[in-house]
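My notes follow in the order in which I took them.

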Amino acid sequence: MQNITVIGGGTMGNGIAHVFAQFGYTVTLVDVAQAALDKAQATIVKNLDRQVNKGTLSEADKAATLARLSFQTDLAAGVQHAELVVEAATENVTLKLKIFGDLDQMAPAGCILATNTSSISITKIAAATKRPDKVIGMHFMNPVPVMKLVEVIRGYATSNEVTQQIMDLSRRLEKVPVEVNDYPGFVANRILMPMINEAIYTLYEGVSGVEEIDTVMKLGMAHPMGPLQLADFIGLDVCLAILRVLHEGFGNPKYAPCPLLVNMVTAGKLGAKSGEGFYAYTPGSKELVVAERFR
Ligand code: NAI
């Protein structure tokens, strides 16, 4: 396998394209927005420079990585030679079903269609194609060039052969793949999101404050980041959407999102990306400051 197409050049897509190109694959990055591609290219250059400065990548390897990357706004042109497509477009079911229907028409017959979705059923996405045996979840973690885990998610019809190919490929990217089955939240988010939700409930019920809750989990459980800070980093809207998938998918009230989380998202307090969540964010500052409301 040599030709990889990544769909969506946002937070995850640029990292996925970066890693495949760095490890020798020919990568086409497709996005509907030229501006997103320009930004993705700039981010990849910046992240490669960081690797060069740290001494983990040579200047020559950086140049070779960039030479293996191309950018495309036309889906059909972007996938015509693909042996694997990794879809990392916006997390929206209708959009993903449309993309996979199109990919099934446009990509070569043998091409594997993978999705980086955090929460949408792989089986459902696969059902939008006539090749459900070749549809699989390849769930990278953010930031992709740094994080070692790839959750490899088997849909109901994913073949053993395709699963094995994606497990092997992940190892070639120097990642550690873990095979999981397709149930709501897979493994990572099924465990992470209830923890984040419980941290928010702990704050909501006045058991303790933002910094205190995060400190307990950082110092007590050796987590590198507290759950409230992590929620801000992931995006509170994203956390809420995943909790709703768990709640709906299992029909179990234990996954019901905390009303405080719902209110914050409704009020547009989405975490770091909106400038405020549990913490307040000032561009250019790395200092962690609790949002005024929670002081
Ligand atoms: P993002 O919003 O940063 O980027 C999405 C990109 O998709 C945008 O550049 C947008 O222009 C593009 N796009 C939208 N429709 C498209 C189409 N029809 N064709 C091609 N490109 C299209 O989103 P992000 O955060 O990178 O998420 C992408 C996927 O990765 C989602 O499925 C998300 O659940 C998943 N994910 C996100 C993680 C995160 O921490 N942000 C972690 C793991 C998975």
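The model is a predicted one, in which local features need pLDDT of at least 70 and side-chain atom pairs count only at pLDDT 80 or more, while totals for chains, interfaces and linings use all residues. Residues are numbered from 1 along each chain as its sequence is written, and side-chain values use heavy atoms, with hydrogens and water left out.

I then noted polar distances to the ligand. Methionine 12 has a backbone N or O atom 2.8 Å from an oxygen atom of the ligand. For lysine 96, a polar side-chain atom lies 2.7 Å from a ligand oxygen atom. For asparagine 116, an N or O atom in the side chain is 2.9 Å from an oxygen atom of the ligand.

Sheet. I traced an open sheet of eight strands with mixed pairing, in the order β3-β2-β1-β4-β5-β6-β7-β8. β3 (69-72) and β8 stand at the edges with a single partner strand each, so one side of each has no neighbour in the sheet. Neighbouring strands are turned by 25 degrees against each other on average, direction ignored. For the terms, helices (H or I, at least four residues) and strands (E, at least two) are DSSP runs numbered from the N terminus, and two strands pair if DSSP finds at least two bridges between them.

Strands β1 and β2. Strand β1 (residues 3-7) pairs in the parallel sense with strand β2 (residues 26-30) over five bridges. Asparagine 3 has threonine 26 in β2 as its bridge partner. Helix α2 (residues 34-54) packs on the sheet and touches β2 and β3, and its direction makes about 165 degrees with that of β3. Contact means heavy atoms within 4.5 Å; axes are lines fitted to C-alpha atoms, for helices over the stretch in contact, and angles run from 0 to 180 degrees between N-to-C directions.

Strand β4. Which way do the side chains of strand β4 (residues 84-87) point? Leu84 and Val86 point one way, Val85 and Glu87 the other way, and all are buried, meaning under 20% relative accessible area, with exposed over 50% and partly exposed in between (1.4 Å probe, protein chains only). In a regular strand the side chains alternate between the two faces of the sheet. β4 pairs with β1 in the parallel sense over four bridges, and with strand β5 (residues 112-115) in the parallel sense over four bridges. Leucine 84 is the bridge partner of isoleucine 4 and stands opposite isoleucine 112 in β5.

Strand β7. I found five of the six residues of strand β7 (residues 149-154) buried. Strand β6 (residues 135-140) runs antiparallel to β7 and is joined to it by five bridges, with methionine 138 opposite valine 152. β7 pairs with strand β8 (residues 176-181) in the parallel sense over six bridges.

Threonine 266. This residue lies in helix α12 (residues 259-266). Threonine 266 counts as exposed because its relative accessibility is 67%. A polar atom of its side chain lies 2.7 Å from the backbone oxygen of valine 262.

Key. Polar contact = N/O pair within 3.5 Å; in protein donor to acceptor, adjacent residues only side chain to side chain.
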